[in-house]
Amino acid sequence: MPNEIITLQLGHYSNYVGAHWWNMQESSFKYDGETEISEINHDILFREGCNYRGETTFTPRLVLVDLNGSLGTLPVQGTLYDSPNYGKEEGHFMWDENVDMHQSTLVPRNQFLRDLHDEDELYEQRYSTGATNGNHDELKPCTSKSIQNGDCSPRLYDLDKEIQTWSDFKKVHYHPRSTLLIKKHYQNTDGDSFNSWTAGMNEAKSGVILGQVEEAVRSYAEECDCMQGFHILTDAYDGFGGLSSVVMEYIKDEFSGKSRACFPTFPVFSETCKAAKLRSRTMSSVLTMSSLLETSSFVCPLSLSQALFQGSAKGRSFPHLIYDASSQYHTSAIIAASLEAATCAYRQRSNAFSLLNLVENLTSGSRRLLEMQSALPLPYDVDQYSGFADMLCNYVDQNPWQPITPGTSLNSCQSQTTEQIFSQVVSLNGLPKWAVQPQSTSNASMQTELHKCVDSNSMLKLYMDGRFQSSNNIVNVISDPVMVTTSFPQIFSNKVGCDGMISTNKVTMNYSDPYTEHLLNGTESSKVSSRQDGAKNSSLDAEVIDSLSRKLRTSSCTAKRTPSISKRTESVPMLTNFSTSSRLCKLLGQCHKQGTVMMRWASRYQHSESGVEEELLEEAIEKFKTLEQDYA
């Protein structure tokens with residue numbers, strides 16, 4: 001059975017994460033003619049439909065909400081299901097009086113979107129002339145298999161300076177019912193009132209947007225054969241926190257028997273903001289977390305911020321990533337890759353493990369708060385390790401991953417020796433078969449047993465059970481890596497190859513053009529800041545490009561067609577986990593502390609700009625205090 005999941009994305013940053021996530025999933029599709037069947041059951045998150053030409057379509061089972069002006073060049077209804085003559089037929093406009101036309105300035109498409117548009121135009125021309133009968137073979141995108149076989153090499157895009165919104169890098173077509181806008185509030189408008197939790201709650205209770213969400217969710221649910229639950233990605237720091245609280249109440253009441261996996265998202269707020277804005281952001285975060293813990297099967301906050309309630313915070317450090325923490329395009333890509341890898345645990349075709357199983361194994365009573373950790377990429381150094389067991393032996397006293405949940409760290413509430421892991425679900429994606437080798441250079445008992453394992457699943461299970469002996473450890477292994485092609489930002493260091501494997505002895509080539517050097521070698525510092533000027537001044541001719549391509553190709557990533565610049569990371573092996581542990585008491589303690597501060601402020605300035613009822617804060621404070629003790 002399909003075990004379908006409906007996804008909701010509520011808020012601008014959540015839609016950044018979602019756009020990356022759907023792009024990654026589409027890149028892992030197996031198309032007709034490919035002998036291998038995908039390990040991932042894409043029917044869980046995608047739905048089959050039919051466009052106006054009678055062709056089969058495959059779109060996310062998605063409902064997203066954003067503010068007016070957030071779509072950029074993307075039409076609200078999308079482009080997949082509409083006839084090219086939609087709106088041009090006689091009688092479409094029924095008003096027969098004079099019409100005043102107000103036309104906004106056309107937003108130009110970036111190169112990535114222009115290439116997608118050209119593909120669609122080419123297909124339309126072939127369809128209209130009868131040159132194709134719905135056969136997309138000649139337009140088939142690069143897939144994981146075709147890239148590994150060298151049949152295609154995706155074009156390299158540098159979109160850092162061109163991304164204004166999430167639709168600027170969205171590749172996957174959405175269904176017309178997917179996109180909903182709150183029309184009276186505008187994105188990136190100074191002084192807009194949709195920055196408070198109360199504004200979002202009031203907007204939902206007004207009935208307009210909530211009615212649209214209910215209708216779209218009900219429509220998707222009626223299509224499902226055996227729906228297992230929901231994914232909810234929501235901004236938790238502004239009005240969308242209040243909106244999501246009301247939406248989750250509806251979902252809990254209407255679909256009480258279904259699992260509800262909620263992922264509150266937070267960007268890295270690297271710039272100092274005014275006190276009023278910080279108060280509003282803090283209030284929204286506290287009340288949203290409190291509300292979601294009541295209505296969700298589990299809540300797993302996602303952010304690269306080291307601190308959740310600071311006006312200016314730093315992003316987390318990853319050993320082999322060079323990213324801009326202030327860029328929502330960058331941080332959302334890392335979160336999306338982690339989400340894609342971690343959720344594969346219950347999206348496999350051959351594995352009976354479901355979202356409900358995840359909930360049952362990781363939650364207990366009131367303990368519904370989870371954390372996510374991620375190794376992007378997998379810290380497997382081909383120059384240091386002879387096999388996966390060697391890598392695991394190197395992480396006996398430290399974690400191989402980094403936290404993706406804000407406010408948690410290795411020693412959050414207790415020392416490393418006393419912290420308690422209650423339960424965790426670990427996923428390993430894309431480890432090459434050659435990396436599982438029964439070779440050992442150590443005589444330690446645990447290492448000897450690890451090297452005796454015949455596959456990565458038993459090896460990882462032994463490692464987890466040996467290191468986290470008091471925890472309930474569930475292990476999932478997926479052979480396919482996470483695809484990071486086309487619109488994914490090139491944030492990997494020069495030590496990461498195109499197949500995502502790390503080589504610390506890799507020789508770095510130097511180039512006079514800083515923009516070219518950054519793209520080819522992943523160099524950091526001042527060279528990155530000059531990439532825009534470099535892009536304008538770069539004039540590599542075909543001979544130089546061909547020479548660079550030959551130097552950069554490896555046996556594991558050979559391309560038959562040479563792109564403009566051929567070196568890029570196209571797929572990555574990853575190690576991720578969902579877990580519940582005593583580390584979460586620090587996050588709960590922060591929520592309790594900030595709730596208390598907001599309570600004092602609300603008492604002093606009652607009926608001020610936030611408009612939050614004191615009793616809601618009182619309930620939240622008490623809840624966080626109790627949960628903090630439960631997780632300690």
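Predicted model: local features only at pLDDT ≥ 70, side-chain atom pairs only at ≥ 80, totals over all residues.
Figure 1. Setting aside neighbours within four places in sequence, Thr 295 is in contact with Met 248, Glu 249, Lys 252 and Arg 260. Thr 295 belongs to helix H7. With a relative accessible area of 7%, Thr 295 counts as buried, because the cut-off for that class is under 20%.

**Figure 2. Helix H4 and its cover.** Helix H4 spans residues 197-205 and is mostly covered, seven of its nine residues being buried. The buried residues are Trp 197, Thr 198, Ala 199, Gly 200, Met 201, Glu 203 and Ala 204. The elements that cover them include strand E5 (179-186), helix H5 (208-223), helix H6 (239-254), H7 and H18. After H4 comes Gly 207, which has a positive phi, near 100°.

**Figure 3. Packing of helices H5 and H6.** Two packed helices are described by the angle between their axes and the distance between the axes. For H5 and H6, the angle is about 45° and the axes lie 11 Å apart. The two helices are therefore oblique to each other, and their crossing is right-handed. H5 contributes Ile 209, Leu 210, Val 213, Glu 214 and Arg 218 to the contact, while H6 contributes Leu 243, Val 246, Val 247 and Tyr 250.

**Figure 4. Packing of helices H1 and H8.** Helix H1 (residues 12-27) packs on helix H8 (residues 328-343) at an angle of about 55°, and the axes are 8 Å apart. H1 and H8 are therefore oblique to each other. The crossing in which H1 passes H8 is right-handed. On the H1 side, the residues that meet H8 are His 12, Tyr 13, Tyr 16, Val 17, His 20, Trp 21, Met 24 and Gln 25. Their partners in H8 include Gln 328, Tyr 329, Ser 332, Ile 335, Ala 336, Leu 339, Glu 340 and Thr 343.

**Figure 5. Helix H18 and the elements packed against it.** Helix H18 comprises 18 residues, 614-631. From its first C-alpha to its last, H18 reaches 26 Å, close to the 26 Å expected at 1.5 Å a residue. Its buried residues are Leu 617, Ala 620, Ile 621, Lys 623, Phe 624, Leu 627 and Tyr 631. An α-helix has 3.6 residues a turn, so residues three or four places apart point the same way. The buried residues of H18 pack against helix H7 (275-295), strand E11 (421-429), strand E15 (574-581) and helix H17 (584-604). H18 is also among the elements that cover the buried residues of H4.

Figure 6. Pro 377 is located in the loop that runs between strand E9 (371-375) and helix H10 (388-393).

Figure 7. Of its 632 residues, 57% count as buried. Among contacts between residues at least 6 apart in sequence, 81% join residues at least 24 apart. The accessible surface comes to about 27,800 Å², and carbon and sulfur atoms account for 46% of this area.

Conventions: Residues numbered from 1 in each chain as written. Heavy atoms only, no water. Buried < 20%, exposed > 50% of the residue type's maximum accessible area, 1.4 Å probe, protein only. Contact = heavy atoms within 4.5 Å. Areas by Shrake-Rupley, 256 points an atom, 1.4 Å probe, with all protein chains shown as cover. Helix = DSSP H or I, 4+ residues; strand = E, 2+ residues; numbered from the N terminus. Expected span 1.5 Å × (residues − 1). Axes fitted to C-alpha atoms, helices over the stretch in contact; angles between N-to-C directions. Parallel < 35°, antiparallel > 145°, perpendicular 65-115°, else oblique. Left-handed = near helix turned anticlockwise from the far one by under 90°.
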